[in-house]
Protein chains: 2
Amino acid sequence: MASSTSKCSYLRVMKRRMGHILVKLGFCLVLLSMNYTVNAQEGYTDDDALFIKSLFDKSLSSDQAYLWLEHLSENIGGRLSGSSNAAKAVQYTKMVMDTLNLSRTWLQNCQVPVWQRGEKEEVKIIKSPSGKKIKLNACALGYSGATNSKGIQALVIEVKSLEELEKLPADFVKGKIVFFNRPMSRTELRTFQAYGGAVDQRVFGPQKAMRKGAVAALIRSMTTQIDEYPHTGTTQFDDNETPIPAISISTRDAELLSKEIRMGSVQVFLKCACRRLPDAASHNVIGEIKGSSYPNEIMVLGGHLDSWDLGGGAHDDGAGCVQSIDVLRLFKEVGYQPKHTIRAIMYMNEENGLAGGKAYGEYAKNSTEKHIVALESDAGGFTPRGISCEGDDAVFLKRFKKMNAWNDLLEPYDMRITKGGSGADISTLKPLGTFMMGLRPDSQRYFDYHHTSRDRISSVNQRELALGTALIASVIYLIDKYGLE
Amino acid sequence: MASSTSKCSYLRVMKRRMGHILVKLGFCLVLLSMNYTVNAQEGYTDDDALFIKSLFDKSLSSDQAYLWLEHLSENIGGRLSGSSNAAKAVQYTKMVMDTLNLSRTWLQNCQVPVWQRGEKEEVKIIKSPSGKKIKLNACALGYSGATNSKGIQALVIEVKSLEELEKLPADFVKGKIVFFNRPMSRTELRTFQAYGGAVDQRVFGPQKAMRKGAVAALIRSMTTQIDEYPHTGTTQFDDNETPIPAISISTRDAELLSKEIRMGSVQVFLKCACRRLPDAASHNVIGEIKGSSYPNEIMVLGGHLDSWDLGGGAHDDGAGCVQSIDVLRLFKEVGYQPKHTIRAIMYMNEENGLAGGKAYGEYAKNSTEKHIVALESDAGGFTPRGISCEGDDAVFLKRFKKMNAWNDLLEPYDMRITKGGSGADISTLKPLGTFMMGLRPDSQRYFDYHHTSRDRISSVNQRELALGTALIASVIYLIDKYGLE
């Protein structure tokens, strides 16, 4: 495209919401007359529109969050709970917040499970109808068990669901490798729904296969794309079980393996060296701006600092961490003093345990503080489409209605407040009556990167990340100013 | 993020728009009772919601448009007007449309200007206050003149605008290289607006500098990012002028050059071998599904087939081409027979002349056909945020209002119909009273790739591209069914 024009919808909304006289005098005058306030019953003033514009301008103009994320993703790298990288990330984000002249920063203890991948996994088709011997792109799932140093080989049986496995006779499954191969739906607009519709295979499949006597499980990677990248993620075994190897293979290789199985019997060799170590001490990293009027009323912003080990944890969830910190930086920079305490929390261990979320939830439950709202960003650093609010009861609906009035203010940014999910880390605040929210970024690309070696800074766009920061700051500002009651 | 849930807003909107009884009987019944039609005065029926869902499902499930685009971008490559690649792209897209069992496909002649980059450009700082000798990442602009084989060297003066250059005395400019260095604004939410606010330097700067006696012009690349990629694009000289070298440098190098200039005098060496050749014959590529009721009333879908030579022209504008073709494929696949003729046009020469747009406009003016609507996709293959409609007069507003009623149907996809620009290629239909529309994708990443070596298939996401196809198909379907009057 060589050029394009379009109306500035920011101005349009501002004008629509102003008195006739001011509109006639022109927009410049408005900028000089900031005491002018329209129709308070609509739930906001024109000052709010300008303040929000200033947050977006500041955020879009700054590389700060992107640079923090680059350090987390590239200089530190993957940050699985209990790893030295996770410890480095704790120190780094604490240090970053210490430079922001916040009211307080601190570390909160939590005990995290420790699982290590060990040497690179090997998965090979060694006997197949086509005669091909093929190495598959594979990675062990979190909590996968190990093989011995010689590896194992066995026949593979393919199923499309837990139910299908359930129906197979145990003596048919015994000694075999169970291959879960139901694809994520491509037709769900929101890819998280497609993920939700397939991920039971990864979370519960290996355990169920083991209990039927399988010697290992292979899982089709959780992505709608057909590509060569294996996606890791957590799988579930009970503490008293010795886990079998549970290994994810790329969607391209899943298609290939399935094709061979359709033609006849297939033997696979696999080897992995995963191990579980004793739990270790780790931390949530917390910083806050103390509220001027209600210091004891807390607004939590969160992301999780731990990530899978394969990539740099850029979208998942370095993005949510740096956005949370950057909201505090923005408020300091524009000189906004909140009435309530705004607290950014880098949670530890979302990926394989939620230890940080539980530790903070325990703290909150026993604290005299009141946690009024919590907002998590854990769906990637992509262009935000809005904020989703979680709930259904009458109290929720009243608050949600109040927030909906602010959609006018977000319309110029093509964003809106909707119902939907919030986040795993903050979920422990839900029983306390906290109003739960999540950043809702465009989800189309998320599962191209999620839990893979590709989740690096190169897959993040500085503007998209910055828009998320600005949106979170805007909504937190409005709640701080007007409350939800 | 480990998991997430949210309500299916598609179901929500469907339910909202249905009678109470059906809602109580549950959604499944609705699927069995497709003759049920709600409140025709709202401008659509529930069948429309289901039909649109089927278009999105088909499009998201298909790699077809992505594979066509991969061929255009990677196997053919950059397709500057008059090049052999442009000719290959004409043959390829004609061949693709010939496989779709359309009513008709054909080539439309047009004469295109031919400009060639020649050997790789060289730009070096050879004398600077810091003493550094630095090679700059550079590319000539379209229609740039050449140096001789020895290159030229001259002092550099920096300006931030055409006006600033205008004010400089001609004898100060004479013999020097003028460096235009006003950045694109980072705070514009819509990056095309930021582009519009800076691109005058590229389009008019070199000519104005030449007319004041400059020996060459350097232009800061058109992107909000600070990176190492030079962005090409067209610049303007009159036919009776001998163009000076007009060269774009990366934003990183523009910052560096500017820093040196702030410290003292800077000499730059540059060499380029661009040349203008005689105009050549080329083509628009056209395919259509004939309308059953109004074959003489035409709905144009368009993109442009030519691209700059540096990358693969994936987003600009291979995406718009394959989306336009894919809308026809989708309609054939779901068995939709339009009442009006739907015509996909791959325009030639948008980037440096608009010869294809002019040729088609001339044809349309002299034809007995009536061009009722035209919709161009030329803003990249990113997640679409909606369709923008161009106009202001009373007739436009009446039609726009009718289209607005369809926003309910697009809400489940987070898309909407707004006012805004349409497209350069179709602009020649505007004088005929054609209703003008443009696909409006998320614009945050566009200028990371625009007119650079990075505009390749690897920067395109299959789902984002497919959503654009589905949205165009949906809006074209609604207009075909209900008209705009």
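How many bridges join β11(B) to strand β13 (residues 370–376) of chain B, and in which sense do the two run?

**View 1. The predicted two-chain complex and its confidence values.** This is a predicted model. The predictor assigns the complex an ipTM of 0.91 and a pTM of 0.92. Chain A has a mean pLDDT of 93. In that chain, 92% of residues reach 70 or more. Residues 3–40 of chain A are another matter: pLDDT stays under 50 there. For this stretch the model has 46 contacts beyond four places in sequence.

**View 2. The contact between chains A and B.** Chain A superposes on chain B by a rotation of 180° with 0.0 Å of shift along the axis, at an RMSD of 0.0 Å. That is how a two-fold axis relates two copies. The contact takes 45 residues from chain A and 45 residues from chain B. On the side of chain A that touches chain B, five elements each supply at least two residues: α4 (46–61), α9 (191–196), α12 (314–334), β14 (384–390) and α17 (462–482). The most comes from α4(A), with 4 residues. By class, this side of chain A has 10 nonpolar, 18 polar and 17 charged residues. Of the interface residues of chain A, 100% are also interface residues in chain B, so the copies meet through the same surface.

**View 3. Parallel neighbours of β11 in chain B.** Strand β11 (residues 294–304) of chain B pairs with strand β12 (residues 340–347) of chain B in the parallel sense, over 8 bridges. One bridge pair is B:Gly303 with B:Met346 in β12(B). Between the two strands the chain passes through helix α12 (residues 314–334) of chain B. This β-α-β crossover is right-handed. Now the opening question: β11(B) and β13(B) are joined by 6 bridges and run parallel. Here B:Met299 has B:Val373 in β13(B) as its bridge partner.

**View 4. An open sheet of 8 strands in chain B.** The strand order is β3-β2-β9-β5-β6-β7-β8-β4 (chain B), with mixed pairing. The edges are held by β3 (134–135) and β4 (138–140) of chain B, each of which pairs on one side only. Within the sheet, strand β5 (residues 152–159) of chain B runs antiparallel to strand β9 (residues 267–271) of chain B, joined by 4 bridges. B:Ile152 stands opposite B:Leu270 in β9(B).

**View 5. Two helices across the strands of chain B.** Helix α10 (residues 200–211) of chain B lies across β6 (177–180), β7 (216–220) and β8 (246–249) of chain B. Its direction makes about 160° with β7(B). Helix α11 (residues 251–263) of chain B lies across β2 (122–127), β3, β5, β6, β7 and β8 of chain B. Helix α11(B) runs at about 90° to β5(B).

**View 6. An open sheet of 8 strands in chain A.** The order is β1-β10-β12-β11-β13-β16-β14-β15 (chain A), and the pairing is mixed. At the edges stand β1 (104–116) and β15 (416–419) of chain A. Each has a single partner strand, so one side of each is left without a neighbour in the sheet. From one strand to the next the twist averages 25°. The partner of β1(A) shown here is strand β10 (residues 275–289) of chain A, paired in the antiparallel sense over 12 bridges. A:Gln111 stands opposite A:Ala281 in β10(A).

**View 7. Helices on the strands of chain A.** Helix α12(A) packs on the sheet. It touches β10, β11 (294–304), β12 (340–347) and β13 (370–376) of chain A. The direction of α12(A) makes about 145° with that of β11(A). Helix α14 (residues 394–404) of chain A lies across β14, β15 and β16 (435–441) of chain A. Helix α14(A) runs at about 160° to β15(A).

**View 8. Backbone details.** The peptide bond from A:Asp316 to A:Asp317 is cis, with omega near 0°. A:Asp317 belongs to helix α12 of chain A. In chain B, the bond from B:Asp316 to B:Asp317 is cis, with omega near 0°. B:Asp317 is placed in helix α12 of chain B. A:Asn101, a residue other than glycine, has a positive phi near 60°. A:Asn101 sits in the loop between α6 (84–98) and β1 of chain A.

Definitions and conventions: Residues numbered from 1 in each chain as written. Chains lettered and ligands numbered in written order. Predicted model: local features only at pLDDT ≥ 70, side-chain atom pairs only at ≥ 80, totals over all residues. Pairing = 2+ DSSP bridges. Contact = placed C-beta atoms within 7 Å. Axes fitted to C-alpha atoms, helices over the stretch in contact; angles between N-to-C directions. Nonpolar A, V, L, I, M, F, W, Y, C, P; charged D, E, K, R; others polar. Right-handed = clockwise from strand over helix to strand, strands pointing away. Least-squares fit on C-alpha atoms with pLDDT ≥ 70 in both. pLDDT = per-residue confidence, 0-100.
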